[in-house]
Amino acid sequence: MKLEAFEKLVITAKSKRTNGRVIGIKNEANGTTTYFIEPLRVDFSPFTHGSKIMRVSSTDIETNAVNIEKHIV
């Protein structure tokens, strides 16, 4: 699954669901992609000062360590 910048998501990791938005994408030297995801409140307003930024790699997504669902609105 390829994610785009500013895409709104629901992330399930360790049986906890979190709303989030992709705020950065970095291609690594080993061929993987790291996505920087900002958790969002239910109304999609950001947390102040960019707190709690999550890093999710394409390997985590492919191995189902993290489940990503895209918002379609």
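A nonpolar core is defined here as a set of buried Ala, Val, Leu, Ile, Met, Phe, Trp, Tyr and Cys residues joined through side-chain atoms within 4.5 Å, where buried means under 20% relative accessible area, exposed over 50% and partly exposed in between (1.4 Å probe, protein chains only). The model is predicted, with local features requiring pLDDT of at least 70 and side-chain atom pairs counted only at pLDDT 80 or more, whereas totals for chains, interfaces and linings use all residues. Residues are numbered from 1 along each chain as its sequence is written, and side-chain values use heavy atoms, with hydrogens and water left out.

The largest nonpolar core comprises ten residues, namely L3, L9, I11, V22, Y35, I37, V56, I61, V66 and I68. At least two residues of this core come from each of β1 (8–13) and β3 (33–39); strands are DSSP runs (E, at least two residues) numbered from the N terminus. In soluble globular proteins, nonpolar side chains tend to be buried together.

Five strands form an open sheet in the order β4-β3-β2-β1-β5, with antiparallel pairing; two strands are taken to pair if DSSP finds at least two bridges between them. Four bridges connect β1 and β5 in the antiparallel sense, and T12 stands opposite N67 in β5.

Three salt bridges are present, each defined as a side-chain nitrogen of Lys or Arg within 4 Å of a carboxyl oxygen of Asp or Glu. In the pair formed by E7 and K70, the closest N and O atoms are 3.6 Å apart. Because E7 lies in the segment before β1 and K70 in strand β5 (residues 67–70), this pair ties together parts that are 63 residues apart in sequence. E7 is buried at 19% relative accessibility, whereas K70 is partly exposed at 37%.

A salt bridge also joins the side chains of E69 and R17 (3.1 Å, N to O). This pair links strand β5, which holds E69, to strand β2 (residues 16–27), which holds R17, across 52 residues. E69 is partly exposed, with a relative accessible area of 32%, and R17 is exposed at 53%.

The remaining pair is R21 and E38, with closest N and O atoms 3.3 Å apart. R21 lies in strand β2 and E38 in strand β3, so parts 17 residues apart in sequence are tied together. Both R21, at 17% relative accessibility, and E38, at 8%, are buried.
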